[in-house]
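Please read the following account with the sequence and the coordinates open. It goes through a helix contact, a set of aromatic rings and some backbone features in turn.

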Amino acid sequence: MQVHHNFFISMQKPKSQSSKPVGKRRAEDNPGLYLHIPFCEIKCRYCDFFSVTELSRITDFLDAICREMNLRGKVFKFFDTLYIGGGTPSVLRPDQLNRLLEHLHQHFKISKEAEITLEANPADISVSVMKELRSLGINRLNIGVQSFDNHILEFLGRRHNGRQAIRAIEASLQAGFGNFGIDLIYGIPGQKRNTWIKTLEQALTFQIPHLSCYQLTVEPETPLGQSYKKGLILTPDNDELFELFMDTSEFLEKAGYCHYEVSNFARGDSRISRHNSKYWHHIPYLGLGPSAHSFDGEKRWMNVRSLEDYIQRLNQGKLPMEFCENLTREELQFEALFLGFRTSAGIDLDDFEEKFGWNLWSVKERDYELLLDAGHLKIVNGRLQPTRTGMALADSLALL
C-alpha cells in the first residue's frame, strides 16, 4: 500500500481560464519513472489500486509495456529514479524483471546513480531472490509488511503472516539491501493503541531505514468498504486517528527517524525515498502500465484502468491513454500548496513567488498568522512549514 504510485490530486481544485506557463524548473529536479505491474496472487480486502489476479497474462503484459516504452521513449530525456510498483511486482520472476530493465535502458536514459525501487510482498522474499534482484541493479526495496499481527493480516486479506514478514526483513538484510523500507497500516477496526505501538517497536528492532505508516482508508468499492457499508465493521473516529498519528510521529522521532512527509519516516536524509519525494515536490514523472499517471509540469495524463484495453491498444500501436488534462496556473498553485504542506520541508516562499508570480504570505498573511499562533505552522529560513499538528491537518491547509 503506497501513495507514491498512481499519485493523483483528487480533491476539489479551483477552476480558472488562466493557462500561463509556470516558472522554470531547476536542472537538478530530474523526472521520475514509474512502472505499474498490475498483478497480485490475491486481492487484499482494503486495496483500491488497479490489479488483477490473472497471472497467465504476465507475458502479454510484458509485451505491451515494452511497446509503451517504445512509444514514450522521448517524453523525458533523463531519469534519476525508477519505481516498480503495483500490484505486486515481486510476483514477476527475476528473468522477467530483467527483461523490463533491459528494455527500459534501451529506450530511456537512466542515471548510473539512480534509485531503483521494487515493491515486494513478504511471501515472495528469500535471500536468493533478493540477491538476484540486486544483481539486476535494483538497489532499494519497499516491503508490504502492513503488520506483524496474524489476526490483523488475516483481516486485511494479506497472503503473508507475521513470521514471513520478519523473515522477509531478515532476508533483505542478509542479501545486502542497506536501503529499504516497509509499509505499515494503522487505524484498523479493532486495533488497539498498544497493538500499534507494539508493531512500531517490533519494526525498530531491525533498524529499518525507512517506514511508511499509512492510515487505513476504507474505499467504497473494496470488500472492506462493502463490509463497512453493511455495518459489519466500525472504523476509528477522527479523534482516535489524530491521536494515533501524533503517537506515531512522536514515537518514531524519539527513535531517531525524521518525519519528512505525513506518512513517511526515514533514518536520516540519505534514506528518504527519492522517487516518492518527486511527487510531493511537484516534480514531473512518467508512469507506464495500466492506470499509471504522468505529469510533465503543466499537464497530467492517465492510462486506461484495464489490462485488456491496455494490451489491446498497444497491440494496435496506440497509446493507452484514458484522459489528459492541461492544468491551469491556479490548479498548479493549489497542488503545490497541497503537496508542500504534507512535507516537513514545507513551502519556500521565495520559490513560490518566483514560480507563480505572487507573494503567498502577503495574500494569506491573516490565515497563516492564526495558524502560527495555534502552533500548526512555523517559519524557518523563509520556508512555511507544518508542525506535527500541522501535518495532521495538512490536506486542509491548502484550502485556506
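**A walk through the model**

At 0% relative accessibility, F61 counts as buried, since the limit for buried is under 20%. The model that holds this residue is a predicted one. F61 is part of helix α1 and is paired with Y310 in helix α10 (residues 307-315), so that the pair, whose members are 249 residues apart, links distant parts of the chain. Y310 is buried as well, with a relative accessible area of 0%.

A pair of aromatic rings is described by the distance of the centres and the angle of the planes. For F61 and Y310 the centres are 6.2 Å apart and the planes stand at 35°, so the pair is tilted. The reasoning rests on the cut-offs: planes under 30 degrees apart would be stacked, and planes over 60 would be edge-to-face. F61 and Y310 also belong to one aromatic cluster, which they form with F39.

The count of aromatic pairs comes to 14. Another of these pairs is made by F352 and F356, with ring centres 4.8 Å apart and planes at 50°, so this pair is tilted. Here the two residues are 4 residues apart in helix α12 (residues 349-356), about one turn of the helix. Both F352 and F356 are buried. One further ring has a charge over its face: R45 lies over F155, at 5.1 Å from the ring centre.

Helix α1 also takes part in a helix contact. Two packed helices are described by the angle between their axes and the distance between the axes. How do α1 and α2 cross, and within what distance do their axes come? The axes of α1 (residues 58-72) and α2 (residues 94-107) come within 9 Å and cross at roughly 10°. The two helices are therefore roughly parallel to each other, because angles under 35 degrees count as such.

On the α1 side, the contact is made by I58, T59, L62, D63, I65, C66, M69 and N70. Their partners in α2 are Q96, R99, L100, H103, L104 and H107. By residue class, this contact between α1 and α2 divides into 7 nonpolar, 5 polar and 2 charged residues.

The loop between β1 (32-37) and α1 contains C47. The C-alpha atoms of C47 and T222 are separated by 6.7 Å, although the two residues are 175 residues apart along the chain.

The backbone has some features to note. Most residues other than glycine have a negative phi, and most peptide bonds are trans. Which peptide bond is cis, with omega near 25°? The bond from G86 to G87 is cis, and G87 is placed in the loop between β2 (79-86) and α2.

Q146 is in strand β4 (residues 140-146), whereas H282 lies in the loop between α9 (274-280) and β9 (285-288). Is Q146 buried or exposed? Q146 has a relative accessible area of 0% and is therefore buried. H282 counts as buried too, because its relative accessibility is 8%.

How values were computed
Residues numbered from 1 in each chain as written. Predicted model: local features only at pLDDT ≥ 70, side-chain atom pairs only at ≥ 80, totals over all residues. Heavy atoms only, no water. Axes fitted to C-alpha atoms, helices over the stretch in contact; angles between N-to-C directions. Parallel < 35°, antiparallel > 145°, perpendicular 65-115°, else oblique. Contact = heavy atoms within 4.5 Å. Nonpolar A, V, L, I, M, F, W, Y, C, P; charged D, E, K, R; others polar. Phe/Tyr/Trp six-rings, centres within 6.5 Å; stacked < 30°, edge-to-face > 60°. Buried < 20%, exposed > 50% of the residue type's maximum accessible area, 1.4 Å probe, protein only. Lys NZ or Arg CZ within 6 Å of the ring centre and 35° of its normal.
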